[in-house]
Amino acid sequence: TSGSATIVIPATSLAAGSDRLTVTYSGDANYASNTGTATVTMTQTTALPPTVTVSAASTVESGQPLTVTAGVTGSGVTPTGTLILTGGGYTSATQTIGVSPCTSAASCVFTVPANKLSVGSDSLTVSYSGDSVYASGSAKTNVTVTQSVYALAASTPTPTAIAPGAAATSTVTVTSATNYTGTITFTSCTATTAPANAAYVPTCTPSGTVTMTNGTASGPVTLNISTTASTAMLAWPKLSGKRGWAGAGGGAVLAFLVLLGVPRRKRNWFSMLGVLVMMVALGTLAGCGGGGSSNSGGTGIAGTTAGAYTFTVTGTGNDVNSTTETATFTLTVN
């Protein structure tokens, strides 16, 4: 009116600090277009309250990732700053508004990896840092986390019967009806049942781990089973008391009597000496075997006891609950 215009700039529309304002005149039949400028300094006296939103699925399996979407809006300029997600035992990396995956203040995406949230009802909180215009703020959402499970199954058929000293293998496969994701480590494989008074029980050693991706296993795990072979028992006679020496003495007496029975004229002392030595030796051997009192001794083992052995193999997942499952198989030793 009368060459004067009033323009009202809404509160909070200008950023705090020095703002340059430009007015543009369109011109008319008599006047050319033109612009005018002015600079105004905005002072932030009170931080504005932001509106923080967060959303996620209401339920999720522990073995699956969870997507959480957050946003920040305000009554003035677009908010800047950072956001972070916490809860259920998990803390995300800080997201900066305007930097992927937080592409805008209205859409900041968090991905919670599998096996990072506690099983049960979890409260997830998105916290906004605030900026020069807006105060800090937060919002929450609840999600129910159910334990994703897997199952172990021993190979079919069971390993072929083996003799003591032989080795065998078995395999264990892993499946999941709930899309388990994670690594399963086989922590033990032991014989849980065995024949009575079994000696040299077979040993079982698992090899490797299994990685599950959305319920699909990287492969089976091999179980290496070993047994102990029997070894022969060595035995030898053992002299008892004085019987050995008595036998030797008896041999010497016998040799002397034989010598006396040979006519003097026919005696050849060299021949007689040979006979004497032979008879003494025979007497000694008789002494060793005499009396029936020899004892056996030596070393040897019977090996793995024959019979059926049931093994239990245990797997442990890397989820927050360290989920443990077992499988059994039987091995017969002949």
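Me: In what order do the five strands of the open sheet stand, and how do they pair?
Reply: Start with the terms: strands (E, at least two residues) and helices (H or I, at least four) are DSSP runs numbered from the N terminus, and two strands pair if DSSP finds at least two bridges between them. In this predicted model, the open sheet runs β17-β16-β14-β19-β20, with antiparallel pairing. β17 (216-217) and β20 (324-333) are the edge strands; each has a single partner strand, so one side of each lacks a neighbour in the sheet.

Me: How many bridges join β14 to β16?
Reply: Four bridges link β14 (residues 182-193) with β16 (residues 209-213), and the two strands run antiparallel. To find your place in that pairing, look at I184, whose bridge partner in β16 is V210.

Me: Before I go on, what ground rules apply to the model?
Reply: Residues are numbered from 1 along each chain as its sequence is written, and side-chain values use heavy atoms, with hydrogens and water left out. Because this is a predicted model, local features need pLDDT of at least 70 and side-chain atom pairs count only at pLDDT 80 or more, while totals for chains, interfaces and linings use all residues.

Me: Where is confidence lowest in the protein, and where is it highest?
Reply: pLDDT is the predictor's confidence in each residue, from 0 to 100. The protein averages 84, and 80% of the residues score at least 70. Confidence is lowest in helix α1 (residues 243-260), with a mean of 50, and highest in strand β6 (residues 82-87), at 98. Residues 239-248 have pLDDT below 50, and this stretch has 12 contacts in the model beyond near neighbours in sequence; a contact means heavy atoms within 4.5 Å. Residues 286-296 are also below 50, with 16 such contacts. Where pLDDT is low, the predicted coordinates should not be read in detail.

Me: Which backbone details deserve a look in the loops?
Reply: Begin with the peptide bond from S100 to P101, which is cis, with omega near 10°. P101 lies in the loop between β8 (95-96) and β9 (108-112). Next, check for positive phi in residues other than glycine: N197 has phi near 55°, and N214 has about 50°. N197 sits in the loop between β14 and β15 (203-207), and N214 in the loop between β16 and β17.
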